[in-house]
Amino acid sequence: KGRLQTSFRCPNGQLAKMPCPVPATDRNLMYENRMLGVPRLRQLRTSNKSCIIHPDFTKAIKRCHASYTYSTEDTSLYRWPQPEYRKYTSEDAWKYQDATQTGSPSFRGQMGTYGGGGNTQNLGYHRFPSVP
């Protein structure tokens with residue numbers, strides 16, 4: 001008790017002085033964190049018409065985005081038609097999907113509660129073939 005662990009027992013039963021090697025097919029991240037599914041980037045956007053610009057500033061301020069809430073969430077198509085560099089992303093990254101389509105619950109963060117929908121891009125299990 002109170003001693004620093006100087007050896008590790010690997011899944012194959014061997015004792016090792018360093019952390020056990022992890023096969024490339026294993027989905028552990030940094031040895032002990034298990035990846036349960038494909039990593040996903042999800043973007044939530046607010047509408048350009050989500051805040052009021054005072055008439056005195058309409059010439060100087062063209063766009064105004066309020067803080068995120070369910071009511072200010074932008075569910076429109078993102079950049080349609082899609083730009084040529086779209087070939088590096090999936091089609092889902094360019095169209096809004098609600099929480100039932102993404103399978104994501106709402107999330108309570110420090111600044112508020114974020115809905116489960118949004119524009120999503122699934123990544124791969126491996127570092128380099130992450131883009132379609």
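These legends go with views of a predicted model of one protein chain.

View 1. Walking along from the N terminus, the order is β-β-β-β-β-α-β-β-β. Buried residues account for 23% of the 132 residues in the chain. As for contacts between residues at least 6 apart in sequence, 45% of them link residues at least 24 apart.

**View 2. Zooming in on the disulfide between C51 and C64.** A search of the whole structure turns up 1 disulfide, and here its sulfur atoms sit 1.5 Å apart. Both C51 and C64 lie in the loop between strand 5 (40-43) and helix 1 (99-102), so the pair ties together parts that are 13 residues apart in sequence. With a relative accessibility of 24%, C51 falls in the partly exposed class.

**View 3. Y114 and the residues around it.** Y114 belongs to strand 7, which covers residues 113-114. Its relative accessibility is 24%, so Y114 counts as partly exposed. Skip the neighbours within four places in sequence, and Y114 is in contact with L44, Y68, Y70, S106, F107 and G109.

**View 4. Y114 next to one of its contacts, Y70.** How many residues apart in sequence are Y114 and Y70? The answer is 44, while in space the two are 7.4 Å apart, C-alpha to C-alpha.

Definitions and conventions: Residues are numbered from 1 along each chain as its sequence is written. This is a predicted model: local features need pLDDT of at least 70, side-chain atom pairs count only at pLDDT 80 or more; totals for chains, interfaces and linings use all residues. Side-chain values use heavy atoms; hydrogens and water are left out. Helices (H or I, at least four residues) and strands (E, at least two) are DSSP runs, numbered from the N terminus. Buried means under 20% relative accessible area, exposed over 50%, partly exposed in between (1.4 Å probe, protein chains only). Contact means heavy atoms within 4.5 Å. A disulfide is a pair of cysteine sulfur atoms within 2.5 Å.
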